[in-house]
Amino acid sequence: MGSLGVDFVPPNEEMEMEFDSSAFPPFKLSEIRAAIPKHCWVKNPWKSLSYVLRDIVIVFALIAMAIFLDSWKFWPIYWVLQGTMFWAIFVLGHDCGHGSFSDSALLNSVVGHFLHSSILVPYHGWRISHKTHHQNHGNVEADESWVPMPEKLYKELDFAAKLFRFKIPFPLVAYPLYLIRRSPGKRGSHFNPYSDLFQPHERKLVLYGVPSMIFVMWLDFVTYLHHHGHEQKLPWYRGKEWNYLRGGLTTIDRDYGIFNNIHHDIGTHVIHHLFPQIPHYHLVEATKAAKPVFGEYYREPKK
């Protein structure tokens, strides 16, 4: 007991008392699922399409505004705003890939191809690799992207690969390179249906559209933030240490302020990773419902 009546905790014991996010969670995936209201699982295709219409209207409104003003003062503003809208369009296509857009596989495929083609993302190839990411997140041996790289593999990379993948600002525009060549150590290309990424039954024709560097920067920026911590390092697992729940809990929710609604609440990433079939417009409510189950395993995003 200290002189002021306060218990003294030795430094070593204090460190031991800190929460260990890599410890096996005391709850099951089914408990999180049960805490989420039933209506959060309902997919409303008309509501989903309304978000598509909203984003398309904004995109064309920005184009019309840029043409009308035709001013060098407005062009940088236009680039940022339009790039952000391209990112929002990507998120809707992302929902199509997960099947959270609607219960119709045909509608998901048509809308997903349309949206992703407009921003030069190969929808079908991306859908396959992203599914791999969700099924293996947190598994250092099997995850698809943003995986800690072994020193041996890093040393084998040539100078250009190290520069464009790991030196700022190049990683913020590395997504096209990832689509072409995947991550280091992975074989195949999202653009080549005959590469190792695709199974024989997955080789279908895909379309592409207009690129946007701002969109690419948004995608890389947000993806990195959702899968890497700064104040607290996130755990990665190998072999039998990994399971779907532990992997999903290594993601982080982020608060993007005014952009949350614009890019369809993609910042609510933990619940999305565990249950990608939940529509984006239910993610915030589902997250609030699941917080009591998560306990300390949920990292509250900073405002």
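Modeller: Before we look at any pair of helices, note that contact means heavy atoms within 4.5 Å, and that helices (H or I, at least four residues) and strands (E, at least two) are DSSP runs numbered from the N terminus. This is a predicted model, in which local features need pLDDT of at least 70 and side-chain atom pairs count only at pLDDT 80 or more, while totals for chains, interfaces and linings use all residues. Residues are numbered from 1 along each chain as its sequence is written, and side-chain values use heavy atoms, with hydrogens and water left out.

Colleague: How many helices and strands does the chain have?

Modeller: The chain has 14 helices and 0 strands.

Colleague: How should I read the packing of two helices, and at what angle do H4 and H6 pack?

Modeller: Two packed helices are described by the angle between their axes and the distance between the axes. Axes are lines fitted to C-alpha atoms, for helices over the stretch in contact, and angles run from 0 to 180 degrees between N-to-C directions. Here H4 and helix H6 (residues 123-136) pack at about 70°, with their axes 10 Å apart. That makes H4 roughly perpendicular to H6, since angles of 65 to 115 degrees count as roughly perpendicular, under 35 as roughly parallel, over 145 as roughly antiparallel and the rest as oblique.

Colleague: Which residues of H4 and H6 meet?

Modeller: From H4, Phe90, Gly93, His94, Cys96, Gly97 and His98 meet Tyr123, Trp126, Arg127, His130 and His134 of H6. The residues of this contact between H4 and H6 divide into 4 nonpolar, 6 polar and 1 charged, where Ala, Val, Leu, Ile, Met, Phe, Trp, Tyr, Cys and Pro count as nonpolar, Asp, Glu, Lys and Arg as charged, and the others, Gly among them, as polar.

Colleague: Where does H5 stand relative to H6?

Modeller: The axes of helix H5 (residues 105-117) and H6 come within 9 Å and cross at roughly 110°, which makes H5 roughly perpendicular to H6.

Colleague: How many residues of H4 are buried?

Modeller: Buried means under 20% relative accessible area, exposed over 50%, and partly exposed in between (1.4 Å probe, protein chains only). In H4, 17 of the 24 residues are buried, so this helix is largely enclosed by the rest of the structure. Gln82, which lies in H4, is buried with a relative accessible area of 4%.

Colleague: What does the side chain of Gln82 reach?

Modeller: The side chain of Gln82 reaches the backbone oxygen of Val59 at 3.1 Å.

Conventions:
A polar contact is a pair of N or O atoms within 3.5 Å; within protein, one must be able to donate a hydrogen and the other to accept it, and residues adjacent in sequence count only if both atoms are side-chain atoms.
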